[in-house]
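Trainee: Please take me through one part of this model slowly and show me how its side chains sit and pair up.

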Amino acid sequence: MQFSLDTDKAGRFICTLTEGTIVTTVTASNVPAAGNNLLDALESVQATGLGECWWEEQGGDYRWLFRRDGDRLTVAVMWSAGTLTGWQHVFRAECDLEWFAGRVRGEFERIRAIV
């Protein structure tokens, strides 16, 4: 699995998640809130084994779900455009928990340095 963060000209987060040939883009319109929510979810999964957060976007929300099993982390991301459509699965992968946590924190530090 690969994880990268960037921002666009409108100031939104652009997160790219890759697993094999599957490439998924997850966005957030409120960068500070999205960043803090993701970091809090990572702290929760490291401490309790479960974590989740939401990234608000125009037209809907992304929901991140994290589950730890030993050193392994399952990352699932879903999208919802509203209560009638429910949640649509957009990404799922497993990876090493410490690698993912380090990668996310490193990407946030890199983004902070250029924004």
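What relative accessible area does R110 have, and is R110 buried or partly exposed?

Mentor: Happy to! This is a predicted model, in which local features need pLDDT of at least 70 and side-chain atom pairs count only at pLDDT 80 or more, while totals for chains, interfaces and linings use all residues. Residues are numbered from 1 along each chain as its sequence is written, and side-chain values use heavy atoms, leaving out hydrogens and water.

Now to your residue. R110 has a relative accessible area of 35%, so R110 counts as partly exposed; buried means under 20%, exposed over 50%, and partly exposed in between, using a 1.4 Å probe and protein chains only. Its partner in a salt bridge is E107, with N and O 3.0 Å apart. The term means a side-chain nitrogen of Lys or Arg within 4 Å of a carboxyl oxygen of Asp or Glu. Here is the general idea: side chains of opposite charge can pair when their charged atoms come close.

Where do these two partners sit? R110 and E107 both belong to helix α2, residues 97-114, and are three residues apart, about one turn of the helix. Helices are DSSP runs of H or I with at least four residues, and strands are runs of E with at least two, numbered from the N terminus. E107 is buried because its relative accessibility is 7%, whereas R110 is partly exposed at 35%.

R92 pairs with E94, their closest N and O atoms being 3.8 Å apart. In this pair R92 is partly exposed at 44% relative accessibility, and E94 is partly exposed at 39%.

One last kind of pairing to check is the disulfide, a pair of cysteine sulfur atoms within 2.5 Å. The structure holds zero disulfides. C15 is in none, as the nearest cysteine sulfur, in C53, is 10 Å away. The sulfur of C95 is 12 Å from its closest cysteine sulfur, in C15, so the two are too far apart for a bond. C15 is buried at 0% relative accessibility, and C95 is buried at 6%.
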